[in-house]
Number of protein chains: 2
Amino acid sequence: MPDDPWQPPRILLAVDLVILTLRDARLHVLLVERGIDPFLGALALPGGFLRDEHEDIEVAARRELSEEAGLSDVHLEPLAVYGEPGRDPRGRVVSVAYLAIAPRLPEPVAGTDAANASWIPVDDALAPGAKLAFDHRRIVIDGVERARVKLEHTALATAFCAESFTISELQQVYEAVWDVRLDPRNFYRKVQGARGFIVADGPMRKTPNGRPARLFRAGPIHVLNPPMTRP
Amino acid sequence: MPDDPWQPPRILLAVDLVILTLRDARLHVLLVERGIDPFLGALALPGGFLRDEHEDIEVAARRELSEEAGLSDVHLEPLAVYGEPGRDPRGRVVSVAYLAIAPRLPEPVAGTDAANASWIPVDDALAPGAKLAFDHRRIVIDGVERARVKLEHTALATAFCAESFTISELQQVYEAVWDVRLDPRNFYRKVQGARGFIVADGPMRKTPNGRPARLFRAGPIHVLNPPMTRP
DNA sequence: AGGACTTCCTGTCGTTCTGACAAAAAGCTA
DNA sequence: TAGCTTTTTGTCAGAACGACAGGAAGTCCT
């Protein structure tokens with residue numbers, strides 16, 4: 001067999017997005033109702049195929065983030081690859097999943113394109129009865145777990161907050177993502193002790209009721225030292 | 001535009017392997033000398049394209065692990081995806097990189113297939129003068145960094161050791177991967193304190209010189225509590 | 001105006017964890 | 001037996017952590 005006519009197989013490459021945010025102290029994920037055939041009508045993660053052979057994968061992820069969710073300038077990081085042969089009935093589709101974290105501000109899903117997108121509480125999306133298209137249930141689980149782990153030793157929590165935030169708002173992020181209750185006094189001490197995590201914003205304050213809280217911004221540090229410890 | 005003739009682009013999917021091991025207290029990575037055209041003669045990570053359209057990606061990784069390195073039954077985990085458009089001159093190649101950890105035992109590279117594979121100290125492979133094919137330098141860096149991080153809060157270090165090992169052998173793993181010196185007394189206490197990390201093996205011992213050391217096996221736990229802390 | 005209430009922020013206290021070091025234990029070699 | 005090496009068991013002070021008390025600074029209600 002001197003000349004081998006073997007050619008590597010060609011694959012369809014897709015991107016899927018796990019977009020997490022906080023709404024009234026609960027963790028939500030953005031899901032869209034599918035309008036085309038495989039799993040028509042079922043809930044699925046936003047995503048799609050590469051536009052053409054030259055599009056970068058992360059560029060495609062940001063494009064879908066903008067097209068399907070109306071979001072830009074949010075935290076975005078690669079999550080994992082899902083390429084099991086039977087995962088898509090249309091053929092061999094390998095999907096690169098990304099994890100995106102959006103601040104709580106964009107309350108209603110911006111409606112330029114697919115307005116059939118909606119924020120679903122993660123607990124509901126993963127409830128035993130809930131059915132997600134493809135292997136998206138597994139992808140959501142992996143995305144949430146990634147967020148939980150990264151909250152421990154990186155400054156990812158600030159990506160859930162607006163540019164200015166209070167320490168108790170930051171605490172709500174940890175409580176919602178970890179699904180635990182934390183002591184405000186110890187949390188305050190811990191967060192202040194991790195230098196570079198948060199820095200004081202203007203000495204302004206804001207207040208619905210109770211004593212006004214100081215405002216902070218995300219600091220320059222991305223890796224927490226010492227890390228936050230989950231109970 | 002009611003019917004859109006657009007078709008998603010088709011991509012070449014490859015797997016690349018960062019295989020790490022310890023040889024005389026230094027971290028090594030397995031590299032092969034390329035025998036075909038792109039980057040012919042340069043050092044590269046073992047890897048290759050999917051065999052056919054139905055091969056699972058991790059199965060392909062284990063196949064390459066066996067074909068190009070003669071290894072089986074080693075720790076293997078997904079590392080990341082590398083799909084930048086220009087990374088392979090042959091076309092749009094998206095590569096799924098895996099991280100493999102091999103115990104120190106298989107000293108010479110098993111020579112069934114490609115005997116042009118060799119263990120290279122990571123320091124040499126990443127030295128400023130060294131040239132690796134494609135973007136494999138970046139992949140090696142990411143693989144080593146992944147190993148460093150996972151050593152902190154998982155039991156990954158035991159994957160570098162044989163089935164039975166001493167605590168000082170385990171310490172050498174941490175010292176080589178982290179490139180630090182650790183206090184044997186504190187390391188001993190720390191490792192013993194993380195329950196489930198290591199369990200006593202037969203009360204046997206072994207000894208080149210010095211007091212004989214107790215033997216341990218990897219415990220049932222994969223996540224360390226408390227974690228190992230890097231100085 | 002003056003409490004009542006809410007939330008934010010600063011401390012305290014005892015336990016646990018950590019890093020630096022001492023010293024005994026258990027082999028080998030000469 | 002003395003000397004060397006390496007493993008194992010302790011000790012001790014300082015840092016980190018969980019649980020909790022209490023003052024500070026606002027709003028709301030009467």
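Colleague: Is A:Arg63 buried or exposed?

Modeller: In this predicted model, A:Arg63 is buried, with a relative accessible area of 13%. The cut-off that matters here is 20%, because buried means under that value.

Colleague: Which residue does the side chain of A:Arg63 meet in a salt bridge?

Modeller: Let's take the general idea before the case. Side chains of opposite charge can pair when their charged atoms come close. Here the partner of A:Arg63 is A:Glu67, at 3.6 Å from N to O. The two sit 4 residues apart in helix H1 (residues 57–69) of chain A, so about one helical turn separates them. A:Glu67 counts as partly exposed, at 30% relative accessibility.

Colleague: Which residues are linked with A:Arg63 in a network of salt bridges?

Modeller: The network joins A:Arg63 to A:Arg51, A:Glu55, A:Glu64 and A:Glu67.

Colleague: How many salt bridges does a search of the whole structure find?

Modeller: Over all chains, the search gives 32. One of them is between A:Asp16 and A:Arg87, whose closest N and O atoms are 3.8 Å apart. A:Asp16 belongs to strand S1 (residues 10–23) of chain A, while A:Arg87 is in the loop between strand S5 (75–82) and strand S6 (93–101), so this pair ties together parts that are 71 residues apart in sequence. Both A:Asp16 and A:Arg87 are buried.

Colleague: Which residue meets A:Asp88 in a salt bridge?

Modeller: That one is A:Arg90, with 2.8 Å from N to O. A:Asp88 is buried at a relative accessible area of 5%, whereas A:Arg90 is partly exposed at 40%.

Colleague: What is B:Ile19 in contact with, leaving aside its neighbours within four places in sequence?

Modeller: Its contacts include B:Val29, B:Leu30, B:Leu65, B:Leu71 and B:Trp119. B:His28 and B:Pro46 are also among them.

Colleague: How should I read the interface, and what area is buried between chain A and chain B?

Modeller: Start with the area, then ask who contributes and how the residues pair. About 2,200 Å² is buried between chain A and chain B, and carbon and sulfur atoms give 66% of that. On the side of chain A that touches chain B, S1 and S6 of chain A are the elements that give two or more residues. S1(A) gives the most, with 4 residues. The residues on that side divide into 13 nonpolar, 3 polar and 8 charged. In total, the contact takes 24 residues from chain A and 24 from chain B.

Colleague: With those charged residues, how many salt bridges cross the interface of chain A and chain B?

Modeller: The rule finds 0 there. For polar contact, however, the count between the two chains is 7 residue pairs.

Colleague: One last stop: where is A:Val180 found?

Modeller: A:Val180 is in the loop between helix H4 (167–178) and helix H5 (184–193) of chain A. At 22% relative accessibility, A:Val180 counts as partly exposed. A:Val180 and A:Pro231 are 51 residues apart in sequence, with 7.8 Å between their C-alpha atoms. Not counting residues up to four places away in sequence, A:Val180 touches A:Pro231 and A:Glu175.

Methods:
Residues are numbered from 1 along each chain as its sequence is written. Chains are lettered from A and ligands numbered from 1 in the order in which they are written. This is a predicted model: local features need pLDDT of at least 70, side-chain atom pairs count only at pLDDT 80 or more; totals for chains, interfaces and linings use all residues. Side-chain values use heavy atoms; hydrogens and water are left out. A salt bridge is a side-chain nitrogen of Lys or Arg within 4 Å of a carboxyl oxygen of Asp or Glu. Buried means under 20% relative accessible area, exposed over 50%, partly exposed in between (1.4 Å probe, protein chains only). Contact means heavy atoms within 4.5 Å. Buried area is the accessible area (1.4 Å probe) that two parts lose on being put together, summed over both. A polar contact is a pair of N or O atoms within 3.5 Å; within protein, one must be able to donate a hydrogen and the other to accept it, and residues adjacent in sequence count only if both atoms are side-chain atoms. Ala, Val, Leu, Ile, Met, Phe, Trp, Tyr, Cys and Pro count as nonpolar, Asp, Glu, Lys and Arg as charged, and the others, Gly among them, as polar.
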